[in-house]
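Please keep the structure open beside you as you read.

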Amino acid sequence: MSLPVIRLVDDDRDLLESLRAYLATLGWQVRAYESAEAFLASDDLTAPGCLVLDEAMPGMKGHELQQHLLARKIDLPILFLSGHGTIAMAVNAMSRGAVTFLEKPVSPQRLREAIVQTMSKILLSRGEDDAVSDAKARYATLTEREKEVAELISESLLNKTIADRLGISVTTVKTHRANVFAKLGVKTAVDMTKLILLARSHS
């Protein structure tokens, strides 16, 4: 059950690395580029996935890369990030098919939600209906508390943090974690996150 690839294109090296590390811990396949030119030179544009794209960069700007991809008929969903965005800029990007236009600094939770929504649509468009049905059936076996624990595990939180968040003991969290993994038939938090994503992708 493979996930599509998230491409990050941003000239801010520190932000690029922090986003890459954050998304990788959530189980995504991530590729990072410091310029639009590097992205075009190195990326496999035929691989499914999405593009998290900075607008203001030296050389080719974000909207110019978007126009370049459209001209080449490359259908890659784009989530724009900009520290100096305007309403007109956002409207233009969306009119050309961008998924969303987020202002920097973007919260990890907001970015995660936007990526999950985008990736869910991609998974469905790839015809993985059987995988979705199977994931839904497994997810439905979880209790409400187990779903809460699974959601927090998918955010890469530690057992103690989850326990504090839910007001339960660490031992109880460990029990729920074991039950979640057993019911879903997964061995790692990454695989669990992928399965939950599929389960929720057509709800």
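Start in the loop between helix 3 (62-71) and strand 4 (78-82), where you will find Lys73. Helices here are DSSP runs of H or I with at least four residues, strands are runs of E with at least two, and both are numbered from the N terminus. Lys73 has a phi near 60 degrees, a positive value in a residue other than glycine. Before going further, note that this is a predicted model: local features need pLDDT of at least 70, side-chain atom pairs count only at pLDDT 80 or more, and totals for chains, interfaces and linings use all residues. Residues are numbered from 1 along each chain as its sequence is written, and side-chain values use heavy atoms, with hydrogens and water left out.

Five strands form an open sheet in the order 2-1-3-4-5, with parallel pairing; two strands pair if DSSP finds at least two bridges between them. Strand 2 (29-33) and strand 5 (100-103) are at the edges with a single partner strand each, so one side of each is left without a neighbour in the sheet. From one strand to the next, the twist averages 20 degrees. Strand 1 (residues 5-9) runs parallel to strand 2 and is joined to it by five bridges; Leu8, for example, has Ala32 in strand 2 as its bridge partner.

The peptide bond joining Lys104 and Pro105 is cis, with omega about -5 degrees.

Next, the helix pair. The axes of helix 8 (residues 159-166) and helix 9 (residues 170-184) come within 8 Å and cross at roughly 105 degrees. Axes are lines fitted to C-alpha atoms, for helices over the stretch in contact, and angles run from 0 to 180 degrees between N-to-C directions. Helix 8 is therefore roughly perpendicular to helix 9, a label for angles of 65 to 115 degrees, with under 35 roughly parallel, over 145 roughly antiparallel and the rest oblique. Asn159, Lys160, Ile162 and Ala163 of helix 8 meet Val170, Val173, Lys174 and Arg177 of helix 9, contact meaning heavy atoms within 4.5 Å.
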